[in-house]
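This report covers a strand arrangement, a covalent cross-link and several backbone features. Please consult the sequence and the structure while reading.

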Amino acid sequence: MKKNAARSARSIGATLGVVLLAFASSVSAQPNLEGVWSGIFTTRHDPYWRIEDWACFNGCSDEGIAHFKALLADPKNDPVPAFALINQSWQFMRESMKPNVIGKGVEIFNTINDATDPTLNCEPYGFAREVVNALPIRIKRDGQNLVIDYEEWTQTRTIYLDGRAHPKNPKPRMLGHSIGHWEGDALIVDTVGLSPDIFYPTYAGGGYSEQARGHERYTVLDNPRRLRLELTVEDPTMLKVPFSVHKIWLYTPDMKLVKDSCKDYPTKP
């Protein structure tokens with residue numbers, strides 16, 4: 001009996017050891033997202049960036065970047081300034097989105113543009129624009145969770161990684177309620193409880209309601225070290241199909257976030 005008990009104890013110990021080793025391996029495989037990450041807007045002289053990255057400094061759809069590359073490759077466009085081609089690519093993305101806007105989103109698409117953007121009245125960005133904004137972001141750990149500080153509009157959000165679920169009836173907020181988990185080396189974030197807001201009028205148009213849901217996938221790439229985001233927003237009341245863009249930041253550990261304010265924008269009152 002004693003021998004059998006000893007064998008059982010050893011077997012349980014070995015199994016527990018394998019489980020703990022597997023858990024430790026999965027944890028160690030998770031990339032470190034902490035630090036400050038900057039887009040092309042504030043690191044324009046870094047040799048990593050290409051001209052097409054200017055077209056995507058606030059995020060870009062796959063179709064949009066492919067269209068811009070086609071414009072660059074067309075010899076007819078050799079005399080055309082690069083930023084004029086960027087503007088064409090933004091118009092292309094906006095027109096591509098137009099058929100997918102439904103419901104109240106149609107009115108938003110037709111009435112809100114760069115001249116009527118609520119931002120001009122010092123209204124901060126909502127979720128869809130804030131998470132791909134042009135200014136640096138800082139990611140830091142808070143226990144099991146991650147906190148993202150955005151220089152744009154000095155906003156902060158928490159991504160809960162402690163296993164909690166979304167609240168049943170979350171109070172709508174600009175950046176919603178976000179929970180995340182790891183899939184291999186990718187951080188997957190699910191966001192609900194969003195206040196109604198708009199997409200960038202320049203290259204998207206339309207908006208989303210409280211029924212919207214955000215999906216983010218963050219991965220860290222090397223040489224140079226950079227952070228890639230794939231963002232998808234779905235809203236059955238305003239979008240026929242989900243809205244998707246991607247964005248790249250470079251790792252800039254020495255960059256300091258500054259306090260953003262409405263007065264810093266010369267186009268705002």
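## The barrel

In this predicted model, nine strands form a closed barrel, in the order β1-β2-β3-β4-β5-β6-β9-β10-β11. The pairing within the barrel is mixed. On average, neighbouring strands of this sheet are turned by 30° against each other, with direction ignored.

Strands of a sheet are held in pairs by backbone hydrogen bonds, and the pairing may be parallel or antiparallel. Strand β3, residues 145–150, and strand β4, residues 155–160, pair in the antiparallel sense, and five bridges connect them. Within this pair, I148 has R157 of β4 opposite.

## The loop between β3 and β4

The loop between β3 and β4 contains W153. This residue is not a glycine, yet the phi of W153 is positive, at about 65°.

Is W153 buried or exposed? The relative accessibility of W153 is 11%. Buried means under 20%, so W153 counts as buried.

## The disulfide

A disulfide is a covalent bond that links the sulfur atoms of two cysteines. The count for this model comes to one disulfide, and the cysteines joined are C56 and C60. Their sulfur atoms lie 2.4 Å apart; the cut-off for a disulfide is a sulfur pair within 2.5 Å.

The link of C56 and C60 is left-handed, with -55° about the S-S bond. Both partners, C56 and C60, are buried.

## A further positive phi at C122

C122 also has a positive phi, near 65°, and is a residue other than glycine. C122 is located in the loop between α5, residues 104–111, and α6, residues 127–130.

How is C122 classed by its relative accessibility? The value for C122 is 29%. Partly exposed covers the range between the buried limit of 20% and the exposed limit of 50%, so C122 counts as partly exposed.

Which residues are joined by a cis peptide bond? The bond lies between N223 and P224, and its omega is about 0°. Most peptide bonds, by contrast, are trans.

P224 belongs to the loop between β9, residues 213–221, and β10, residues 226–234. Both β9 and β10 are strands of the closed barrel, where they follow one another in the strand order.

Methods: Residues numbered from 1 in each chain as written. Predicted model: local features only at pLDDT ≥ 70, side-chain atom pairs only at ≥ 80, totals over all residues. Heavy atoms only, no water. Pairing = 2+ DSSP bridges. Helix = DSSP H or I, 4+ residues; strand = E, 2+ residues; numbered from the N terminus. Axes fitted to C-alpha atoms, helices over the stretch in contact; angles between N-to-C directions. Buried < 20%, exposed > 50% of the residue type's maximum accessible area, 1.4 Å probe, protein only.
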